[in-house]
Amino acid sequence: MTEPGPEEKIDATFRNGSLTAAGIILGFSLSFISRWVSNPNDWSRIDILPMLLLTVGIALQVKVFADLLARDSLIAAKYDRSRRLFLIGLSIVAIGIAIALVNDILGMGKMPMLG
C-alpha cells in the first residue's frame, strides 16, 4: 500500500461513514464507563488500571472524533492518521475492559461488571 500524496483527498461520503462508526463506538465506550463508574460498590486499587486504560482509550477516541469533524480531515494523510489513532484507542479500551472482566471473574476487584 502506497502512502497518500500530500494533497490527496478522500471522498466525503467515505469520511462520513467513518465518522458515524467512530461516533457509535465512542458512544458505547462512554456508556460502558458511565455504567461502571455509577456502580455503588467500593473501588479498590485493582480497579485503577482498567479505569486508566478506559480513560486513555476514550480520550483518544474523542480526539479522533474531533479530528474527523475538521474540514481538513478529507486529506488522505490526516484521515489515515485519525484512523490509526482510533484503532489504537479502541484497542486500549478493549484491553481495559478485558482486564476489568478478568478481575471480576477472579474476584479481585470490588466493582463487579457481571452483575
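Which backbone oxygen does the side chain of S73 reach? I looked this up first: it is the backbone oxygen of A70, at 2.8 Å.

**Ground rules.** I am working with a predicted model, where local features need pLDDT of at least 70, side-chain atom pairs count only at pLDDT 80 or more, and totals for chains, interfaces and linings use all residues. I number residues from 1 along each chain as its sequence is written, and side-chain values use heavy atoms, with hydrogens and water left out.

**Overall layout.** I found three helices and zero strands, so the order from the N terminus is α-α-α; helices (H or I, at least four residues) and strands (E, at least two) are DSSP runs, numbered from the N terminus. Of the 115 residues, 33% are buried, meaning under 20% relative accessible area, with exposed over 50% and partly exposed in between (1.4 Å probe, protein chains only). I also checked contacts, which are heavy atoms within 4.5 Å. Among those with a separation of 6 or more, 74% link residues 24 or more positions apart.

**Annotated spans.** I turned to the unreviewed UniProt entry, which annotates "transmembrane region" at residues 20–37, 49–66 and 86–106. Such annotations may be inferred rather than shown by experiment. In the model, residues 20–37 are 100% helix and 0% strand, with the end C-alpha atoms 26 Å apart. Residues 49–66 are likewise 100% helix and 0% strand, and their end C-alpha atoms are 26 Å apart.

**Helix lengths.** I compared two helices with their expected span, which is 1.5 Å times one less than the number of residues. Helix α2 has 22 residues and spans 32 Å between its first and last C-alpha, close to the expected 32 Å. Helix α3 (residues 76–105) has 30 residues and covers 43 Å, close to the expected 44 Å. After α3 comes G107, and I noted its positive phi, near 70°.

**Back to S73.** This residue sits in the loop between α2 (48–69) and α3. Is S73 buried or exposed? I found it buried, with a relative accessible area of 2%. Its side chain also makes a polar contact of 2.7 Å with that of R15; the term stands for a pair of N or O atoms within 3.5 Å, where within protein one must be able to donate a hydrogen and the other to accept it, and residues adjacent in sequence count only if both atoms are side-chain atoms. Not counting residues up to four places away in sequence, S73 touches I10, R15, D67, L68 and Y79.

D67 lies in helix α2 and is partly exposed, at 22% relative accessibility. Leaving aside neighbours within four places in sequence, I see D67 in contact with S73, R81 and S82. The C-alpha atoms of D67 and S82 are 6.9 Å apart, although 15 residues separate them along the chain.

**Cores.** I then looked for nonpolar cores, sets of buried Ala, Val, Leu, Ile, Met, Phe, Trp, Tyr and Cys residues joined through side-chain atoms within 4.5 Å. The largest has eleven residues, including I10, L60, L68, Y79 and I92. Each of α1 (12–37), α2 and α3 supplies at least two of its residues, and α3 gives the largest share, five residues. A second, separate core of eight residues includes L26, M51, I58 and V93.

**Around α2.** Which helices are included in what covers the buried residues of α2? They include α1 and α3. Among those buried residues are P50, G57, L60 and Q61.
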